[in-house]
Amino acid sequence: MNKKIIYQLDGRPSLTQAIPLGLQHILAMFVGNVTPLIIISNILNLDLQTKTSLIQCAMFVSGIVTLIQCYPVGPIGAKLPIVMGTSFGFVPAATAIGTKYGIQGILGACLVGAIFQMLLGGFVLKHIRKYFPPVVTGIVVLTMGISLLPTGVNYFAGGVGASDFASPSNLLLGTIVLITVIFFKQYTKGMLSISSVLIGLVVGYIVAIPMGKIDFSSLSQAPLLSIPVPFKLGFAFHIDAIIAMIFVYMVSTVETIGDITAITNSGLNREAKEKEIIGGVLADGLGSLMGAIFNVLPNTSFGQNVGIVSMTKIVNRFVVATGACILILAGIFPKVGALLSLMPSSVLGGASIVMFSMIVVSGIKLITTDKLTERNTMILAVSLGLGLGVAYVPGFFDSFPESIQLIFGESKTVLPAILAVILNIVLPKEEFISENIDLSDDLVKA
């Protein structure tokens with residue numbers, strides 16, 4: 001078996017390679033995949049049985065849609081190693097809608113929003129692709145990575161709201177994982193090096209047991225087999241909820257374009273093709289449609305896994321598809337999902353800090369694909385200074401309408417992306433500036 005095949009998009013590596021490398025992707029995204037549903041379930045006071053069912057459906061849908069991203073169905077799917085999961089970005093809108101209209105209102109808005117995203121991907125994106133050169137997509141990837149850094153640190157400290165947040169034991173556990181990942185990545189070769197994230201997570205999981213951070217009692221409560229049930233909670237359609245959710249879908253589309261661009265740039269050393277972006281966004285919409293049908297929040301591409309691709313350079317679709325099969329099994333066999341869900345947040349944080357930072361590095365590399373001219377420097381400076389700067393100022397958008405708050409207040413990627421696109425359109429092209437400079441030089445010489 002050719003060991004280099006894992007660094008190629010196509011081809012089938014051995015299962016001895018694909019299973020651990022695929023599991024590495026799943027462990028990296030697992031907590032982030034189920035946490036949004038836990039948050040919404042708690043806010044809406046859903047019973048334990050319903051909450052368990054939603055988590056199960058989330059894993060099942062994520063696995064199916066990840067397979068579609070890897071191995072497209074017609075035009076749907078990017079044909080790239082993209083891992084899909086339940087998005088945190090939809091939590092604020094879902095909370096507002098759920099408080100007013102219940103879980104049915106959330107699912108109805110998600111259903112219509114998913115159809116909107118598929119229409120956007122199928123008919124609009126191909127006409128606006130030219131407005132996303134490397135400097136623009138690089139800014140999207142960079143801001144996406146920067147926005148994830150606090151999430152990684154929060155995980156490292158034990159998770160937001162944890163009673164022992166930033167306790168010495170949590171910080172010690174996260175540090176052990178971080179050191180393990182760095183050691184195996186930098187001081188070993190072959191499978192040990194490329195599986196460094198998985199090894200770090202496994203080491204952290206094992207160390208957490210004697211520290212009393214894992215309670216296995218919930219395993220006995222999880223059923224052995226359970227098939228996800230569609231249309232279980234029903235739908236309710238309210239125009240204000242639908243409009244609010246559509247805005248969030250637009251945000252999700254921008255972030256998906258960033259993820260796709262980061263994967264092709266860092267893993268394949270090229271720009272994303274139009275077909276890949278359109279297929280990826282269509283799969284996003286289909287995954288979110290399936291999510292609504294199976295009673296859960298929308299699906300989108302996961303930054304955690306972009307970080308793994310950036311770090312390991314493993315872009316083989318079969319590897320990620322193997323991880324997707326693990327997700328599907330976790331959705332059908334709840335004990336598998338329960339075992340994975342017991343991983344302490346600080347364990348995930350130790351690996352996430354590296355993975356999220358690698359997304360930042362990918363964004364920097366993408367921006368510098370083109371020469372960092374004065375024009376591109378100005379686009380970067382304004383997009384980061386204003387776009388990203390205001391995102392970290394609490395209450396900046398409080399006086400704006402709720403729709404504006406949903407678009408710009410909850411995502412730290414959208415405003416920088418919009419500013420980058422606008423500046424790229426309105427600022428004079430470099431040839432014009434160069435001519436002026438050459439003329440000035442001639443005048444000086446004269």
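A cavity here is a set of grid points where a 1.4 Å probe fits but cannot get out, and a lining residue has an atom within 4 Å of such a point. Keep in mind that the model is predicted.

**Exercise 1.** Find the residues that line the largest cavity, and sort them by class.

*Solution.* Start with the count: the structure holds one cavity of 30 Å³ or more. Next comes volume, and the largest cavity has about 50 Å³. Last, the classes: six lining residues are nonpolar and three are charged, with no polar ones.

**Exercise 2.** Work out how helices H15 and H17 are arranged, and what makes up their contact.

*Solution.* Take H15 as residues 374–391 and H17 as residues 414–426; their axes come within 8 Å and cross at roughly 150 degrees. Angles over 145 count as roughly antiparallel, so H15 is roughly antiparallel to H17. As for handedness, H15 passes H17 in a right-handed crossing.

Then look at who touches whom. H15 brings Arg-375, Met-378, Ile-379, Val-382, Ser-383, Leu-386, Gly-387, Leu-388 and Val-390 to the contact, while H17 brings Leu-415, Pro-416, Leu-419, Ala-420, Leu-423 and Asn-424. Sort these by class and you get 11 nonpolar, three polar and one charged.

Technical notes: Residues are numbered from 1 along each chain as its sequence is written. This is a predicted model: local features need pLDDT of at least 70, side-chain atom pairs count only at pLDDT 80 or more; totals for chains, interfaces and linings use all residues. Side-chain values use heavy atoms; hydrogens and water are left out. Axes are lines fitted to C-alpha atoms, for helices over the stretch in contact, and angles run from 0 to 180 degrees between N-to-C directions. Helices (H or I, at least four residues) and strands (E, at least two) are DSSP runs, numbered from the N terminus. Angles under 35 degrees count as roughly parallel, over 145 as roughly antiparallel, 65 to 115 as roughly perpendicular and the rest as oblique. A crossing is left-handed if the near helix is turned anticlockwise from the far one by less than a right angle, and right-handed if clockwise. Contact means heavy atoms within 4.5 Å. Ala, Val, Leu, Ile, Met, Phe, Trp, Tyr, Cys and Pro count as nonpolar, Asp, Glu, Lys and Arg as charged, and the others, Gly among them, as polar. On a 1 Å grid over the protein atoms alone, a cavity is a set of points where a 1.4 Å probe fits but cannot get out, and a pocket is an open set with protein on both sides within 12 Å along at least five of seven lines; lining residues have an atom within 4 Å of a point. Grid points are joined across faces, edges and corners, and a volume is the space filled by probe spheres set on the points.
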